[in-house]
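The sequence and the model are shown first.

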Amino acid sequence: MDTFLQVLIAGVTMGCIYAFVALGFTLTIAAAGVVNFSYSEWVTYGGFFGVTLYSIVGLPLWAALIGTVILCVIMGYVFQWVVFRPLEGRHFLTIVTATIGISVSMGALATLVWGPYPLTLPTFFGNGTVEFGGISFFPHNVLIIVLAIALISVLQFCLTKTDIGLRLQATAQDPDAARLMGIPVRRMRTFAYCLSAGLAGLSGFLVAPLFVVTTTMGFGLMLKGLAATIVGGWGSLKGAVFGGLIIGIVEALGAAYISSEYKDVIAFLIIIVVLLFRPRGLFPERIAEKL
Amino acid sequence: MTTQSASRNIVWRAIGIVVLLALAIALPFVLKSNYYLGIAHQALIFIILASGYDVLLGFTGLLSFGHIGLFAIGAYTSAIMVTSTGAPFMVGIMAAAVLTGLIGFLISIPALRIKGHSLTLLTLALGEVIRLVIRSMEWLTSGSHGISNIPRPEILGFSFRQAVPLYYLLLAFAVLTILFVWRLRSSRFGRAFNAIRDSEIGADVSGVNISAMKMLAFAISAVLAGIAGGLYAHTVRFISPEFFSLGLTIILLAMVLIGGRGTIIGPVIGAALLITLPEALRFVKEYYLLAFGVAIWMCVLLLPDGLAGLGKRLFKRARTST
Amino acid sequence: MSTVLKVAGVTKIFGGLTALDSVSFELEKGKVLGLVGPNGSGKSTLLNVLSGVYRPEDGSVTLHDRNVTGLAPYLITTQGMARTFQNLQLFQGLSVGDNVLVGRTCRMSSTLVGSIFGSSFSRKEEREAKEQARSLLSLVGLDRFINEPPSMLSYGQRRLLEIARALASSPSVLMLDEPCAGLSQGEADELAAFIRTVSAQGTSVIVIEHNMRFIMGLVDHIVALNFGRKIAEGDPRSIRENEDVIAAYLGRKKRHAEN
């Protein structure tokens, strides 16, 4: 039972990270119709920014976290003007290939800047485990879960209750109608790109202490994020969160009780099964139909 | 007037083909070192792979990210057949072609029901599952250690151990592939593939059996991937799961797109370019990748028809201005 | 005259909404039938059912005494019913000539191996298909564009190309969905003349069209629909004087004009 709970906590932790990645990935799909395959690198850059600000600049960890998110938001802002705007409204094949190209370039740039060797980032709480009620766990995992709950609640509130959130939703559902209603669609999309990039920075920073920071760090996470968007429903924000959690938990349980050797296969098998039997995911959104 | 310029186009095209073929035949006399010939081997294998991929992507308009998985299955099938059962090279290649063709056909069945991004992600997942299963099935594939000492091809007692004979063997396979794809495109099947790409509903009411044609396109490109995989295994003599990664899928996609999808010459140019360029620019490796990524992005935006399309346009402009 | 197509009690329901309510009519060989009715009356839905794009909930479509109800579009085309679209569905990446050749696919039977190695059968079949395509294109006046992409054609020419593609399958019934949309009056007159030539050669034609002048001058027989029901059927003159039709269609149009 105790090991089960420990496995569950590990699964939920990774599930929260996957949910962040899937959310960021979904945001640009929903708001601008851009499937951003370079999102893996955005996450990687989050990790590298964190390492740079903490180890090289020497900022305290919490300041490094905030700095990382800010740097990523700036990156998202710049990238949307240079890279993504020309892609909006293009064919799926065009968007996928172009963003893959960007991903290759960003990966190469990361190797040039930070080198090919893995870097590390400490947690806020050291490396020890905490015992609580007979189970031991890393406080960093709890931080991730708490942050995820808080952030997703805030996001949920902002998107459904605030002015800017409702405008963003309107933009996602029908950009032409939104434009006619006087909603600044361009600014809404900019906002979505920045939010998406900020989430990437946060995911990269939070996941760094669990693994190491390398140029390929984001790639595996993006594949899991993709799996989450398929399971949850393409273009659905709610689906991204639940899809991420499902992938994380199933993966952890599968690795613990079935075979750790086939751990990486699990996410892909889930993609295949869901696409075959429920091609629109568990929480299909209307906006998905536009794609 | 139109027929006249059309026949003149055919003459130009024939000249181009003869020149290219002559260059390809003459290449081993220029490239003396085994290192350069090794690069040429790779280019020829990827010409076969990219031409087959174009049947799916360029002809039929289906974006699969799992093609490298089929390439891997082809390589492993032939390698295992030949190293563990001692089967002749041609039997290994044929087994690779049949098995991948069968798997391509099986993949196409679910792929008929889903479209667009779902198809792409489904094939991405399938390709990754193939790679991970190969890595995990150690009893058959020796896992991440890979299979080494795969013998070079030998057909009816004639050995292709040396780099130059092997070059001509691969060239023969590549030329046969290009001929096949060229004949395919001008047949009723090739037209049906193109019709599906441009308008599925239009093709349907024009009497094209869409399901059958998509299955055929998947199977054909899978068979070519299998043959290319088998040739790869016996050329490089060492295969491991890490080589058949998503990164290679991206390179394959870039070959077809930069060369020009839906054309015969496009994948040939693309494969030759993207195999030789990184070797030529080895000393600036990361800078090469940096430029490569931006080149893909620009190519997609500015050259939707790739280099083949650009060449065609320049050729037309030169002709009309004179 | 022999009956080519028999439509009996065709019903199509979209999520509780009856788009077609037990529509029946017959079409004779070499005749031109006009389908008229106000927007949303079910004309296009009927054409989609006939061509296999939609599957009807009830009723039957019989072509040459063969039941073709609910078959896939390509099978219906193979059986001898071809159609065009109101919003064109041409193959932009193929030449004008190849667009027509695709329409011939279902009449060709050479195998993949035969096509690749150029067996005498496949070469003969290919040659005949190309001859047919060329003669169809010269019939619609597009033969000089045979090697050009469809994007080189004017809007009216594209409509003609789509008709040529449909005719390439040698259909016994040709179905045209608003063939005059976007054409000038002169082009529409030419199109009407062309459709008459086609029907004189024994192909039956079904036309959906809003252009009343076009319809009245062209067709032998009219089926009028409103709210998915057949409200009248007869020769053009009787339809023009039919009070139900005037109320449903012309009347409504008049009211629009007054507004």
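The model is predicted. Two pairs of chains are in contact, and the pair that shares the most contacts is chains A and B. Their contact draws 33 residues from chain A and 29 residues from chain B. On the side of chain B that touches chain A, the elements giving two or more residues are α5 (116–136), α11 (246–259) and α13 (285–302) of chain B. The greatest contribution to that side comes from α5(B), with 13 residues. By residue class, the side of chain B that touches chain A holds 21 nonpolar, six polar and two charged residues. Chains A and C, by contrast, are joined by no contact, and their closest C-alpha atoms are 15 Å apart.

Chain C contains 10 helices and 10 strands. Its radius of gyration is close to the value that the globule rule gives for 259 residues, so chain C is as compact as a globular protein of that length. The table collects overall values for this chain.

| Property of chain C | Value |
|---|---|
| Radius of gyration | 19 Å |
| Box filled by the C-alpha atoms, along the principal axes | roughly 65 × 40 × 40 Å |
| Residues that count as buried | 45% of 259 residues |

Among the contacts in chain C with a separation of 6 or more, 66% are between residues 24 or more positions apart.

Helix α1 of chain C, residues 43–50, is mostly covered, with seven of its eight residues buried. Those buried in α1(C) are C:K43, C:T45, C:L46, C:L47, C:N48, C:V49 and C:L50. After α1(C) comes C:G52, which has a positive phi near 90 degrees.

How values were computed
Residues are numbered from 1 along each chain as its sequence is written. Chains are lettered from A and ligands numbered from 1 in the order in which they are written. This is a predicted model: local features need pLDDT of at least 70, side-chain atom pairs count only at pLDDT 80 or more; totals for chains, interfaces and linings use all residues. A residue is buried if 20 or more other C-beta atoms lie within 10 Å of its own, exposed if 12 or fewer, and partly exposed in between; C-beta atoms are placed from the backbone. Helices (H or I, at least four residues) and strands (E, at least two) are DSSP runs, numbered from the N terminus. Two residues are in contact if their C-beta atoms, placed from the backbone, lie within 7 Å. Ala, Val, Leu, Ile, Met, Phe, Trp, Tyr, Cys and Pro count as nonpolar, Asp, Glu, Lys and Arg as charged, and the others, Gly among them, as polar. The radius of gyration is taken over C-alpha atoms; the globule rule is 2.2 Å times the number of residues to the power 0.38.
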